[in-house]
Amino acid sequence: NIDTILEWAPKLMSFEFLREYWPNSLTKNKTGKNLRTKDGYQVIYERLTAVSPDILKFVPLHELKYFHIYLQELATLERKNIIQDRNDGTCAPTVFIQDLRDLTMSHLSKNNFQMMNTFTDCDTLNYPETVRKVFIVNAPAAWSFGWKVSKNFLDPVTIEKVAVLDTEETHFVGEVIESGSLPKEYGGELDFKLTGGGAIEGNELFPLLPKLSKVHSNAFVSMTIPIEKGQRLNWHYKTKTELTFSVFYNDTKDSSKKELLHHPEPKKLDPDGLMHDGLLMVEKTGFYTLHWEYVVGLIKKSFSYVVTLNYVPLSDTDITIVTK
């Protein structure tokens, strides 16, 4: 159902948090003005370095990807409107301004690269040729140097679409973007400053996390849930301990015969305690069991989880939990 993501993305557990938190002008621009270049093309501002390097500890990667696609679809709708208004048979690619001020080494972690690669792969496969120009502004010296080296290995067409500007060169974006669509901090007249991002304190990101169940020193935890066909089962859990996770199906609650539906590789020791997640579209009515089991070891066993059905958290009366 990805083609209807604009309709169902707001139901995601982390959507409200991401809409307020993610520093992107598609959701942050409250001026009522369409941001345009001097020749009428779409302009989008973003500041990824304002996003906490720890965001994957709080938001599952697949929900970040869905939110990214949601933003891309918002941009696509606006581009379609521009094409209709121009009515000259041309496409309407986007001019993108990425602000890298306050870039730190923590932003260049393996987990953040995984997130960015996920976004890039998605865009390459599904939104080709939608970028007219990317301005990397407030780029630190190390980034500018890295770009100069990287250009030797990139396609000339790609190089032509990217301009890396340090703090003293930021005013050059004003040569492309109309003054009324350019924020004052970049030398324009628009009274708009990109907000969002910052540290994520504790479990504030969305209302469900304070309800996460805490499990300590149990060899296994099994949760059995009665579910009807057509519903959407989501699970999210965090752990720093090596464990296995499986999903089983039973036609009756007390049946000893179980059908294995999901059994990924055991989660290895994870000092960062990232959020793991999954989704199951229920194809037949019955009883579904989520089963976590620790790998034998002396390390303190601890994990947190939340389970939702059609994006609604399950209460204790909806489930049967067995621990040992």
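Guide: Let us start with a term: a crossing of two helices is left-handed if the near helix is turned anticlockwise from the far one by less than a right angle, and right-handed if clockwise. The model here is a predicted one, where local features need pLDDT of at least 70 and side-chain atom pairs count only at pLDDT 80 or more, while totals for chains, interfaces and linings use all residues. Residues are numbered from 1 along each chain as its sequence is written, and side-chain values use heavy atoms, with hydrogens and water left out.

Visitor: Which hand does the crossing of α4 and α5 have?

Guide: The crossing of α4 and α5 is right-handed, so by that definition the near helix is turned clockwise from the far one. Helices here are DSSP runs of H or I with at least four residues, strands are runs of E with at least two, and both are numbered from the N terminus.

Visitor: Why are α4 and α5 called oblique to each other?

Guide: Their packing angle is about 40°, and their axes are 10 Å apart. Axes are lines fitted to C-alpha atoms, for helices over the stretch in contact, with angles from 0 to 180 degrees between N-to-C directions. Angles under 35 degrees count as roughly parallel, over 145 as roughly antiparallel, 65 to 115 as roughly perpendicular and the rest as oblique. The angle of about 40° therefore makes α4 and α5 oblique.

Visitor: Which residues of α4 and α5 meet?

Guide: From α4 come L61, L64, K65, H68, I69 and Q72, facing Q114, M115, T118, F119, C122 and D123 of α5. Contact means heavy atoms within 4.5 Å. T118, for one, is in contact with L61 and K65, leaving aside neighbours within four places in sequence. The C-alpha atoms of T118 and K65 are separated by 7.1 Å, though the two residues are 53 apart along the chain.

Visitor: What makes T118 count as buried?

Guide: Buried means under 20% relative accessible area, exposed over 50%, and partly exposed in between (1.4 Å probe, protein chains only). T118 has 18%, so it counts as buried.

Visitor: Which residues have the most contacts inside the largest nonpolar core?

Guide: Such a core is a set of buried Ala, Val, Leu, Ile, Met, Phe, Trp, Tyr and Cys residues joined through side-chain atoms within 4.5 Å. The largest one has 26 residues, and L18, W22, I55, V59, L64, F67 and M115 have the most contacts inside it. At least two core residues come from each of α1 (5-8), α2 (15-21), α4 (61-86) and α5 (110-126), with α4 giving the largest share, six residues. Another core lies apart from it, with 23 residues, including L233 and F303.

Visitor: Why do β1 and β4 count as edges of the sheet?

Guide: Strands pair if DSSP finds at least two bridges between them. The open sheet runs β1-β2-β3-β4, with parallel pairing. β1 (43-46) and β4 (162-164) each have a single partner strand, so one side of each lacks a neighbour in the sheet.

Visitor: How do you know that β3 and β4 are paired?

Guide: β3 (residues 131-137) and β4 share three bridges, and two would be enough for a pair by that definition. I136 has V164 in β4 as its bridge partner.

Visitor: What makes D102 exposed?

Guide: Its relative accessible area of 55% is over the 50% limit, so D102 is exposed. D102 is in the loop between β2 (94-99) and α5. D102 also has a positive phi of about 65°, although it is not a glycine.
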